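I opened the notebook to look up how the chains of this model meet. Entries follow in the order of the look-ups.

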Amino acid sequence: MLQYVFGVISLGLIYVIATTGLAVFTGFTGLFSLGHAAFFAIGAYTAAILTYFYGWNFYLALLAGTAAGGLVGFAIGYPTLKAKLRTDYFAIATLGFGEAVRVLLENLPITQGARGLPGIQGDTNLPVLLVASAIVIWAAWNLIHSRHGRAAIAIREDFVAAEMMGVDIFMGRLRSLTFSAACAGLAGGLFAHYFCFIQPSMFTAYMSTQMTAAVVAGGMGSISGPVIATLIFIGIPEALRVANIWRLVAYGLLLVLIMVFRPQGLMGYRELSLDLVRGWFRRPGKGGKP
Amino acid sequence: MFVQTLLTGLAIGGIYALMAVGYSLVFSILNFSNFAYGSIIMLGSYIAYFAMVRLGAPMWAALILSILGAALLCFLNERLAYSSLRRRRASSLFFMISAMGTAIFLENLVYALIGAHFYSFPEVFARTNISYHGVAIGVLDVFAIVFSSVTIYALHTFLQKSRTGIAIRAASYDIQVCSLNGVNNNALIGLVFALAGALAGVSGTFLGMKYLVYPTMGWITNKAYIAAVIGGLGSLPGAVVGGILLGVLETFVSAYVSSVVRDVFSFSLLVLLLLVMPTGLFGRYLEEKV
Amino acid sequence: MSGPGEEAVASRNVLDLRGVTKLFGGIVACRDISFTLPAGRIMGLIGPNGAGKTTAFNLITGVYRVTEGSILMAGEAITGERPDRIVRRGIARTFQNIRLFRNLSVLDNVIIALDCHETYRLGASFLRLPHVRRRERAMREEARFFLQAVGLEDKAASRADAMPYGLQRKLEIARALALKPKLLLLDEPAAGMNPEESLDLARLVRRIHDQFKLTTLLIEHHMDVVMALCERIFVMNFGVRLAEGTAEEVQRDPDVLKAYLGEGFKRAQHL
């Protein structure tokens with residue numbers, strides 16, 4: 001039983017790493033991606049190929065997977081963001097990119113195509129995940145509270161005004177994309193060494209959707225929100241034994257409901273803090289905004 | 001072989017054109033890419049299928065049911081998922097998330113309730129090909145080309161000649177001025193979505209008849225985006241040209257290179273266009289709403 | 001082309017527009033606009049709605065590209081430069097319809113402006129090195145200073161959009177000041193204010209102009225504010241220059257009077 005709980009937490013933490021990156025990209029910088037699962041896949045395959053075929057050290061392979069994700073993110077971002085595409089054109093471009101990655105993974109000899117890569121060593125365990133997610137959350141938090149993070153937030157809030165505040169819109173967006181792609185790459189590498197088997201069909205729109213839903217539900221402009229939302233999204237369906245299909249129905253519906261009724265999500269521009277929790281227990285009539 | 005490929009390309013091009021027009025119609029009014037459009041097309045297809053198979057309806061009745069059903073669904077989609085965002089003047093990111101949520105919800109709902117089974121339409125047109133000078137074309141394809149052309153012409157006449165049509169065209173230039181001139185914007189937008197839905201019904205039915213009916217067939221709207229971008233987003237004639245062009249080009253790639261490459265080709269074309277010529281052939285580059 | 005004397009004059013001008021023309025397809029937003037703004041002066045840019053004043057601001061700040069002509073700042077051409085680079089050269093502007101970062105606090109709005117001149121690197125941000133922490137603390141202090149300058153220091157923690165309109169306008173100004181500009185472009189700072197508020201604002205503009213040693217270009221419709229503050233006025237109509245001169249000259253110009261001057265200038269006597 002305990003093993004099972006640890007398993008769910010482990011899976012949750014893998015996604016927390018990816019979602020934290022996406023939170024910076026969508027939640028803080030305001031860009032929409034339909035293909036982040038592709039960076040996840042790139043990280044997974046890079047790390048797996050290195051340990052499986054070339055006998056690399058697990059941690060170095062993880063680093064390589066992270067770097068691969070980041071580099072590809074940078075490469076994709078450079079032309080598409082430079083063109084200052086509208087948000088929806090950009091999202092469609094990421095969709096196209098995701099497709100391209102999928103086709104690539106299914107057709108390159110080294111990835112063994114649609115059959116996938118079995119037999120990857122299971123080096124990912126709970127302590128590793130706890131450390132990795134702590135590092136990623138800490139780094140993301142530092143980023144957000146620095147001038148680089150504020151630039152991203154300004155871009156999200158009003159990019160016209162941001163430009164008039166001296167913010168380099170292109171670099172700000174590219175930074176966020178690269179960071180989120182690197183996080184997804186790291187999560188992918190950890191994923192591969194957790195399940196010990198990967199194939200292209202695992203990295204689909206389902207994964208991208210779940211990550212986006214967690215960011216939106218958790219609250220754009222927050223890091224703790226998406227973290228909590230991710231753990232809920234992984235934990236509750238597991239607990240209730242809900243089939244994948246109905247999860248997606250729920251995610252889809254949730255996205256619409258949140259947009260219509262509570263666009264700020266769970267945390268909405270704020271972080272989980274003692275003040276906030278105290279606020280929930282404050283007696284009504286004592287003032288303070290909800 | 002050349003003429004053969006061309007004719008096949010025209011047939012699928014006609015369907016793409018219908019989808020692209022529906023998509024551009026909404027875009028031209030609201031400056032918004034409706035990512036949920038694909039799922040409406042998919043639902044239109046299912047409605048036609050079940051009308052024919054469960055209700056035993058003849059093809060023309062199934063088509064009408066599909067048109068009405070899809071129009072209603074598209075209209076509801078707008079009212080439920082987008083109208084409150086519109087009133088709140090939410091940023092385009094929120095619209096995209098809501099659209100994506102709708103798409104995922106509908107797709108997976110169908111998946112969960114009806115199943116992933118690929119349905120194929122009963123034979124409406126006998127598999128006879130019309131042969132002429134050594135070139136064969138399926139009766140279905142001929143019908144598709146003819147019907148698409150008729151539909152597009154009807155839409156064109158409506159937009160040019162009727163009062164409502166003129167109001168729609170005016171709204172595509174400046175929706176605010178429209179309401180100042182006494183047009184009920186809310187009703188107009190609802191009508192536009194219903195029209196787009198009607199087009200979705202037609203294209204969905206033909207797609208289903210030509211290929212198969214399955215829950216994720218909505219992703220074919222990616223082709224609609226590409227077609228609309230080629231022609232120039234916001235331009236209806238552009239959408240028609242773009243659709244036909246894409247259909248023909250794609251079919252040639254599929255026939256002369258390989259069918260695997262076909263989708264990668266289309267997406268690469270899209271990304272290239274977005275970078276190099278985002279206004280497409282006839283479009284205006286509308287400023288994103290901030 | 002230009003002798004040493006002319007170059008010396010050019011660099012004493014903080015802003016120099018030469019034959020600036022902007023066409024949007026067939027629409028002429030600005031045609032052959034030329035004026036200079038010497039250092040330390042306050043100049044007014046007035047004209048009826050649609051005259052092309054905000055377009056001029058957008059051209060100066062690089063948001064629009066000029067169709068023809070050139071724009072110089074302190075003698076250096078800035079035509080065609082990226083907007084954020086132009087801002088970093090020392091031009092700050094406020095917006096006609098306020099563009100604050102609404103979901104952020106008042107203090108954060110100002111801090112983002114201060115970020116403009118910060119230089120610590122991305123790696124240092126990720127690791128939150130000691131010097132980053134020091135700079136962050138210093139910036140918070142400095143932000144408060146700018147809020148004090150406009151009288152908003154007690155609102156530091158409020159959400160930007162939770163404040164009344166008049167205070168939001170002041171925040172726009174505080175933000176612009178925090179960019180530490182040489183040239184301040186104010187786009188209708190008194191819009192929507194009653195006569196008392198607008199005179200109050202005029203006093204604020206004069207105070208910060210002197211305190212921060214700025215050069216100011218002001219678009220305004222409230223004639224009392226314009227006449228009180230501006231030593232020179234440039235009048236536009238339908239995208240072209242209508243008149244130019246001191247406040248008195250412009251007040252007497254028959255074309256300008258015909259165009260739209262009301263009784264606003266009488267109230268200016270009170271300042």
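This is a predicted model: local features need pLDDT of at least 70, side-chain atom pairs count only at pLDDT 80 or more; totals for chains, interfaces and linings use all residues.

I find that chain B and chain C do not touch, and I note 10 Å between their nearest C-alpha atoms.

Entry on the pairs. I looked up which of the two touching pairs of chains has the most contacts, and the pair is chains A and B.

Entry on chains A and B. I noted 35 residues from chain A and 32 residues from chain B in this contact. I then went through the side of chain B that touches chain A. The elements giving two or more residues to that side are helix H3 (59-88), helix H4 (92-113), helix H9 (221-231) and helix H11 (259-276) of chain B. H4(B) supplies the largest share, 15 residues. By class, I wrote down 22 nonpolar, eight polar and two charged residues for this side of chain B.

Entry on chains A and C. Here I noted 23 residues from chain A and 24 residues from chain C. This time I went through the side of chain A. Two or more residues each come from helix H5 (126-144), helix H6 (147-157) and helix H7 (159-164) of chain A. Which element gives the largest share of the side of chain A that touches chain C? I found that H6(A) does, with seven residues. The classes on this side of chain A are 11 nonpolar, five polar and seven charged residues.

Chain A has a contact with chain B and a contact with chain C, while chain B and chain C do not touch.

Terms used: Residues are numbered from 1 along each chain as its sequence is written. Chains are lettered from A and ligands numbered from 1 in the order in which they are written. Two residues are in contact if their C-beta atoms, placed from the backbone, lie within 7 Å. Helices (H or I, at least four residues) and strands (E, at least two) are DSSP runs, numbered from the N terminus. Ala, Val, Leu, Ile, Met, Phe, Trp, Tyr, Cys and Pro count as nonpolar, Asp, Glu, Lys and Arg as charged, and the others, Gly among them, as polar.
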